[in-house]
Structure formats: C-alpha cells, structure tokens
Amino acid sequence: MTDNDAGRQPFHAVRRIGAVMAAIELTLGALAMLTILVLVFHQALQRYLPIDQIAWTGEVSRFSLVWLTFIVAGLLVTMRGHITLEIADAIPHPMVVRAVQVFAMAVVAATGVGLTVEAWALVDTQSIIKSPVLRLPMSWVYVPVLLGAVSITVRAAVAAVDVALHGPVLRDTTESEEASA
C-alpha cells in the first residue's frame with residue numbers, strides 16, 4: 001500500500017458508510033411513502049364503502065409524512081437533490097465556487113445542528129404527551145426526526161470537507177439541459 005492509498009482509505013470508508021446509510025434512509029423513506037399511500041387509499045375507501053372504520057390511519061399517515069420528510073433530507077443533501085441556487089457554479093474562478101459551496105454546506109450543517117438540538121429537546125420532553133388515537137408517546141414520534149436532523153448535520157459537514165479538499169461539485173450543463181428538454 002502506498003502513502004497515497006493510505007491517505008485515501010478513510011475517504012473510502014466514509015463513502016462506504018455513506019452508501020449504506022443512504023440505502024437505509026432510502027428504504028425507510030420508501031416505506032414511509034408506501035405507508036402514506038396505503039393508508040390514504042384506505043381512508044378514501046372507508047369514507048365511501050360500507051367497511052369498518054379504522055381511526056388510526058389518519059394519525060399514522062400524518063406521522064409518516066413527517067418521518068419521510070426528515071429521514072430523506074440528509075440523503076437529499078448528499079445527492080445534491082435539495083433546493084440550491086446554482087448561479088455561483090457559473091463563476092469562472094474555481095476557488096470562488098469552492099468557497100461558496102463550502103460556505104453553503106457549512107450553513108446547512110449549522111442549520112442541521114439547530115434542528116438536532118430542537119429534535120433532541122422534543123424527544124427528551126414530550127414523553128408524557130400521547131398521540132390522540134394510538135396513545136403512542138410523542139417522544140417516539142420525534143425519534144425519526146432526530147435521526148434525520150443528525151443525518152443532515154453529518155452529511156452537510158462531510159460534504160463541506162469534501163468540497164474543501166477536492167474542489168467544487170459542478171453539474172454538467174449538457175445533462176441538465178437534456179433533462180429539462
């Protein structure tokens with residue numbers, strides 16, 4: 001193993017861990033989306049067909065929407081699927097683009113820290129409150145939100161370090177033009 005390979009080894013491990021976490025987050029997000037789909041269709045059937053009413057379907061579908069939003073948010077940061085302004089990417093100076101992208105990821109990471117702190121506060125303080133139908137402790141409902149906030153924070157921090165070390169991530173203009181056509 002050369003010195004160059006030894007220096008890259010931590011980055012490969014981080015990428016491998018990131019890929020596993022992305023698969024887990026994507027799977028959980030797909031399950032949350034499927035839960036929403038099935039339960040909302042069931043609610044529609046309950047309304048118009050003479051079948052037994054199930055009260056908890058609305059509650060679980062609302063919780064699933066919150067879980068879906070936060071669970072996949074970190075994945076969107078990594079895949080650059082979140083809302084961004086790409087006007088700075090067109091600046092002809094790569095160092096300026098690098099600085100802007102590092103700053104943007106640092107802001108996302110700082111926002112993730114704030115979300116993590118608040119999500120932890122909800123998990124810590126809301127155990128006495130129960131959901132209306134299932135009587136589920138609300139602190140349990142906020143655990144996926146906490147995990148998503150931690151994911152946002154870690155992924156944004158890793159992306160900021162990656163851009164700082166390896167340069168800016170630029171989208172290919174021909175790909176985005178073909179996709180919009």
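Which residue forms a salt bridge with Glu 25? Arg 155 does, and the closest N and O atoms of the pair are 3.1 Å apart. By salt bridge I mean a side-chain nitrogen of Lys or Arg within 4 Å of a carboxyl oxygen of Asp or Glu. Arg 155 lies in helix H6 and Glu 25 in helix H1, so the pair ties together parts that are 130 residues apart in sequence.

Before going on, a word on the source. This is a predicted model, in which local features need pLDDT of at least 70 and side-chain atom pairs count only at pLDDT 80 or more, while totals for chains, interfaces and linings use all residues. Residues are numbered from 1 along each chain as its sequence is written, and side-chain values use heavy atoms, with hydrogens and water left out.

Now the overall layout. The protein chain has seven helices and zero strands. Helices here are DSSP runs of H or I with at least four residues, strands are runs of E with at least two, and both are numbered from the N terminus. Of the 181 residues in the chain, 30% are buried. Buried means under 20% relative accessible area, exposed means over 50%, and partly exposed is in between, with a 1.4 Å probe and protein chains only. Among contacts with a separation of 6 or more, 69% are between residues 24 or more positions apart; a contact means heavy atoms within 4.5 Å.

Back to the charged pairs. The structure holds two salt bridges. Side chains of opposite charge can pair when their charged atoms come close. In the pair I opened with, Arg 155 is buried at a relative accessible area of 10%, and Glu 25 is buried too, at 7%. Arg 15 and Asp 162 also meet in a salt bridge, at 3.9 Å from N to O. This pair links distant parts of the chain, with Arg 15 in helix H1 and Asp 162 in helix H6, 147 residues apart. Here Arg 15 is exposed, with a relative accessible area of 53%, whereas Asp 162 is partly exposed at 25%.

Next, the inside. The largest nonpolar core has nine residues: Ala 73, Val 77, Met 105, Val 108, Ala 109, Ile 152, Ala 156, Ala 159 and Ala 160. Helix H3 (73-78), helix H4 (94-125) and helix H6 (143-166) each supply at least two residues of this core. H6 gives the largest share, four residues. Apart from this core lies another, of five residues, including Ala 32, Leu 68, Ile 71 and Val 72. A nonpolar core is a set of buried Ala, Val, Leu, Ile, Met, Phe, Trp, Tyr and Cys residues joined through side-chain atoms within 4.5 Å.

H4 has 32 residues and reaches 46 Å from its first C-alpha to its last, close to the 46 Å expected at 1.5 Å a residue. The expected span is 1.5 Å times one less than the number of residues. Among the buried residues of H4 are Met 105, Val 108, Ala 109 and Gly 112, and what covers the buried residues of H4 includes H3, H5 and H6. Helix H2 (residues 56-71) has 16 residues and reaches 22 Å, close to the 22 Å expected. The buried residues of H2 include Thr 57, Gly 58, Ser 61, Leu 68 and Ile 71.

Leaving aside neighbours within four places in sequence, Gln 43 is in contact with Thr 57, Gly 58 and Ser 61. Gln 43 is partly exposed, at 26% relative accessibility.

Is Ser 139 buried or exposed? Ser 139 is buried, with a relative accessible area of 7%. Its place is in helix H5 (residues 138-141). Not counting residues up to four places away in sequence, Ser 139 touches Leu 122, Val 123, Gln 126 and Ser 127.

Last, the surface. A nonpolar patch there includes Ile 17, Leu 31, Val 38 and Phe 41, and the whole patch has about 910 Å² of accessible area. Patches are made of residues with over 30% relative accessible area and no salt bridge, with like charges joined within 9 Å and nonpolar side chains (Val, Leu, Ile, Met, Phe, Trp, Tyr) within 5 Å. Areas come from the Shrake-Rupley method with a 1.4 Å probe, and for residues only the protein chains shown count as cover. Val 38 sits in helix H1 (residues 3-48) and is partly exposed at 47% relative accessibility.
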